[in-house]
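Subject: Structure handover

Hello,

Please find the structure below. My notes on it come after.

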Amino acid sequence: MIGVKVARTISVLSIFPTTRAFSILKHQSPRRRLRRSSSCHHYSTSTVISSSKSPQVDMTSSAIIPTGESYSTLTLLEHMHLLSPNLHHDGTVDLFVNTLGFGLDPKSANNLNNESGVVFVNCGSCQLHLNDYVEYCQRMEKLQNDNGAQKNPDNSLPLYEIGLRYNDLSSLKQKLSEPSGNSCSYKIDERGGREMVRITDTYGRMFVARESTSTVEEDCNSNNPAISSICQQKVIRNNEKDNAQYGTTIAEKYGTEPPACQGMDYIEFFVPVSQNDNGKTVTKIAKFYDFFFDAPTSVANDGTSHIAIIGFGKIDENGRAEQSLLFRERLCEDDDDGNNPPTTTTSSTMMAGAGIVNDEDVGTGHHIAIYVGANDSDFEAAATNCMDGGILWVNKLFEDRVLDVDSAMQEKQFRFKDIVDIENGNVLYALEHEIRSVSHELFPGNK
């Protein structure tokens, strides 16, 4: 990839609504800093890097979180929430657990028995939250229809893809080739000399499976351990203990040891842009994460399109981030000559045309969950930055109601949904984020 490093010094913002925010911007460091690498360089792969040094360890939470030059301030891209209206009856759980090799979270046993409610499927340090909440699903379907967001019947243009990590793809390919009744399609492909398997589920969601170059055990025993090697989600096992606790039916059908899927390497979102955008939008998205979260970022072009790369977890000596959040531009037809700067109105129109809903009450229907920093101080810095930037937001279908730092510290989390241009506040892309502290009770390093 040919890339451009995102500038570390970002110009004074104009989107902050309060006097307090403007007073912060008058200082040399206009936002609260999170613990992070001291430098960021762009390499010729989809990576971000700082020099590799022995990590420090933060002991202020029950989890041991390594910090220092080799780690991002964005600790873990932990889960993605996906609406799945008929998940208990359409083979979705079987697909993820018995074919794709996820593990079933113990918290999901009762819902499976009752054939209703959210199901968590786990892989390494990560999860997918599959939600059949009727009001939520119906609300999003109505919004899609009302807002003119086009559905994609042939699944040729997914809104995102999720990168899955395996030690070996042979078992996955064998299970996919068997007539199992799972509602999915797949294609074996290759990119950059690496084999991949592209899987599309019944809802048109794209998953891309690749083999890992290292194991959890190797990472855990290294001087700079990967975050995923010290944070593992619990799964139901097919053994005597779990048979007694969760029932023979659940344990025998969904119990696994260990899950074949090792984690999520990346989540890639496709951002609708005008024909003459030429990387401007994704560059602004990278600046957003740099400013609000002090995150290591980069922008690259792989010969087909520009991509914003946001690094998570461990950054190795070759510049490869343990996990990445990717934003790839997708060209749309312009309503004008394409030379005008994007505005909130034009971005909303393009998002609606691409099938993306951005509702002020319930968001986008899907969301990602991110753990930041190594302690509550890092989390407080991130919450303060987002509050001062006016981007905190409440999803009315969830119980947490966080619009200030005190509430964020009490809940150990906050939400926002608009990724904005830090120069003028225009919405660049809509994606609900659930930002959590590593002291949150559900952080997998605490288990």
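The notes cover aromatic contacts, backbone angles, cysteines and one hairpin.

This is a predicted model, in which local features need pLDDT of at least 70 and side-chain atom pairs count only at pLDDT 80 or more, while totals for chains, interfaces and linings use all residues. Residues are numbered from 1 along each chain as its sequence is written, and side-chain values use heavy atoms, with hydrogens and water left out.

Aromatic contacts

A search of the whole structure gives 16 aromatic pairs. Rings of Phe, Tyr and Trp (its six-membered ring) pair if their centres lie within 6.5 Å; planes under 30 degrees apart are stacked, over 60 edge-to-face, and the rest tilted. One of the pairs is Phe 269 with Tyr 429, which is tilted, at 6.2 Å centre to centre and 55 degrees between the planes. This pair links distant parts of the chain, 160 residues apart: Phe 269 is in strand β14 (residues 261-273) and Tyr 429 in strand β20 (residues 427-437). Helices (H or I, at least four residues) and strands (E, at least two) are DSSP runs, numbered from the N terminus. Phe 269 and Tyr 429 are both buried, where buried means under 20% relative accessible area, exposed over 50%, and partly exposed in between (1.4 Å probe, protein chains only). Both rings belong to one aromatic cluster, whose members include Tyr 160, Phe 288, Tyr 289 and Phe 416.

Elsewhere, the charged end of Arg 415 sits over the ring of Phe 398, 4.2 Å from its centre. The criterion is NZ of Lys or CZ of Arg within 6 Å of the ring centre and within 35 degrees of the ring normal.

Positive phi

Most residues other than glycine have a negative phi. Asn 278 has phi near 55 degrees and lies in the loop between β14 and α10 (280-293); at 60% relative accessibility, Asn 278 is exposed. Asp 294 also has a positive phi, about 55 degrees, in the loop between α10 and β15 (297-301). Asp 294 is buried, at 2% relative accessible area.

Cysteines

There are zero disulfides, a disulfide being a pair of cysteine sulfur atoms within 2.5 Å. Cys 137 is buried at 10%, and Cys 184 is partly exposed at 27%.

Hairpin

Strands β11 (residues 184-191) and β12 (residues 194-201) pair in the antiparallel sense over eight bridges; pairing takes at least two DSSP bridges. Tyr 186 stands opposite Ile 199 in β12. Two residues separate the strands of this hairpin, and Gly 192 in the turn has a positive phi of about 60 degrees.

Regards
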